[in-house]
Amino acid sequence: MLHEVAVPAAWADATEDAPAACDERPDFVRNIVDVMNRQEGDELPVSAFLGYEDGTWPVGITAFEKRGAAIMVPVWDAEKCVQCNKCAFACPHAAIRPRLLSAEEAVAAPASIEHRPCRIQKGFEFHMAISVLDCTGCGVCVGQCPAKEKALTMTKLENVMPEGARKWDYAEKNITYKKPTQGKLNVANSQYLRPLNEFSGACAGCGETPYAKLVTQLFGDRMMLSNSAGCSTVWAAGAPSVSYTTDENGHGPAWGFSLFEDNAEYGFGMFLGVAQIRATLALKMKALLEGGDISAALRSIMEEWLEGKDLGEGTRERAAALTAALDEALAEKDDAELKALREKSDFFVKRSHWIFGGDGWAYDIGYGGL
Ligand code: SF4
Ligand code: SF4
């Protein structure tokens, strides 16, 4: 049986340049990403890529897509929620996130940003933010919700728009991400950390992206990641979009991918290269400690850095202290050895190395390189 579907007359005047869902779109997104997403990438002149000719590509692009692909999206009931954060842990797209509001943020928030006192992080209010335009409608979050009466229910996207998009936007712009300080870094507490892999192009309900997302929550600000060609490259960096992103300090995973058969060597090479540079830095510092003319303050900071060189915990603080002490010393006198150390300050932070690949890569072709 065929049914006629009437095409609205207004569609005759439809344009392809629909108003952007995100009001602040960087030039790169407007001039390159949007053009490619309109299937007009072939029209881009080479000159459009000036500034990116070395092959680098800006990250955090998926946040501007706001695809609105879900038919059904979750709605949160603050009364029924037990604040376990299992929904956020399992969400493949980082589209549902528990947020901690300070007292000031709670007072300033509009009534639509519902919140309750946080059970674990005392002194903060708890709000569950949902990006309905990035949600894929998989329902995994609802399935995970252990509350006696589910604290999440699915509703049609049209029932929550445009207010749903505004609420997410408000939370992103006005509520800072806070590191949990009370209790263990368990499932619930891990979800207060900002995911640095968000809104990937993975299929609805993907079982791989929640793990990749979690790794970025725990280590993302100092992560170096080698990825084998496959599903995890497609959802992460299917041109022109990249789902890896940066935190408020501009720190995030450095990502690159290699062919299936070389990924292990590629990631191992990254590790060896960084290890070699850091080992050389340590040797130079030890030589300075033994015979160099350096202040007592710089000496103690170098000793502390050497002691914690391979520890992730506190590495950013030690790196920042060493960089500041070197700057101070160099402001007083021009010293070639101190300058050489300062030039490699990017390597003061202990990096977290990862190699991602699927089972075919791990069991078969790719793993041999290790
Ligand atoms: S429905 Fe799926 S994509 Fe949407 S918030 Fe829940 S788990 Fe995430
Ligand atoms: S899974 Fe349910 S109870 Fe747990 S935080 Fe999410 S909405 Fe609340």
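In these legends, two residues are in contact when they have heavy atoms within 4.5 Å of each other. The structure is a predicted model, in which local features need pLDDT of at least 70 and side-chain atom pairs count only at pLDDT 80 or more, while totals for chains, interfaces and linings use all residues. Residues are numbered from 1 along each chain as its sequence is written, chains are lettered from A and ligands numbered from 1 in the order in which they are written, and side-chain values use heavy atoms, with hydrogens and water left out.

**View 1. Y177 and the residues it touches.** Let's start in the loop between α6 and α7, where Y177 lies (helices are DSSP runs of H or I, at least four residues, numbered from the N terminus). Not counting residues up to four places away in sequence, Y177 touches R97, R99, E172, Y192 and R194. Its side chain makes polar contacts with the side chains of R97, at 2.7 Å, and E172, at 2.6 Å. A polar contact here is a pair of N or O atoms within 3.5 Å; within protein, one must be able to donate a hydrogen and the other to accept it, and residues adjacent in sequence count only if both atoms are side-chain atoms.

**View 2. K178, a buried lysine.** K178 is found in the loop between α6 (163-174) and α7 (187-190). Why does K178 count as buried? Because its relative accessibility is 15%, and buried means under 20% relative accessible area (1.4 Å probe, protein chains only). The side chain of K178 has a polar contact of 2.6 Å with the side chain of E105, and also reaches the backbone oxygen of T176 at 2.9 Å. Leaving aside neighbours within four places in sequence, the contacts of K178 include L100, L101, F124 and Y192.

**View 3. Ligand 1 and its shell.** Around ligand 1 are residues with a heavy atom within 4 Å of it, among them P74, C91, C135, C138, C141 and M154. By class, this shell has 9 nonpolar, 3 polar and no charged residues; Ala, Val, Leu, Ile, Met, Phe, Trp, Tyr, Cys and Pro count as nonpolar, Asp, Glu, Lys and Arg as charged, and the others, Gly among them, as polar.

**View 4. Ligand 2 and its shell.** Now look at ligand 2, whose surrounding residues include W76, C81, C84, C87, M128 and C145. The shell around ligand 2 divides into 10 nonpolar, 2 polar and no charged residues.

Technical notes
Helices (H or I, at least four residues) and strands (E, at least two) are DSSP runs, numbered from the N terminus. Buried means under 20% relative accessible area, exposed over 50%, partly exposed in between (1.4 Å probe, protein chains only).
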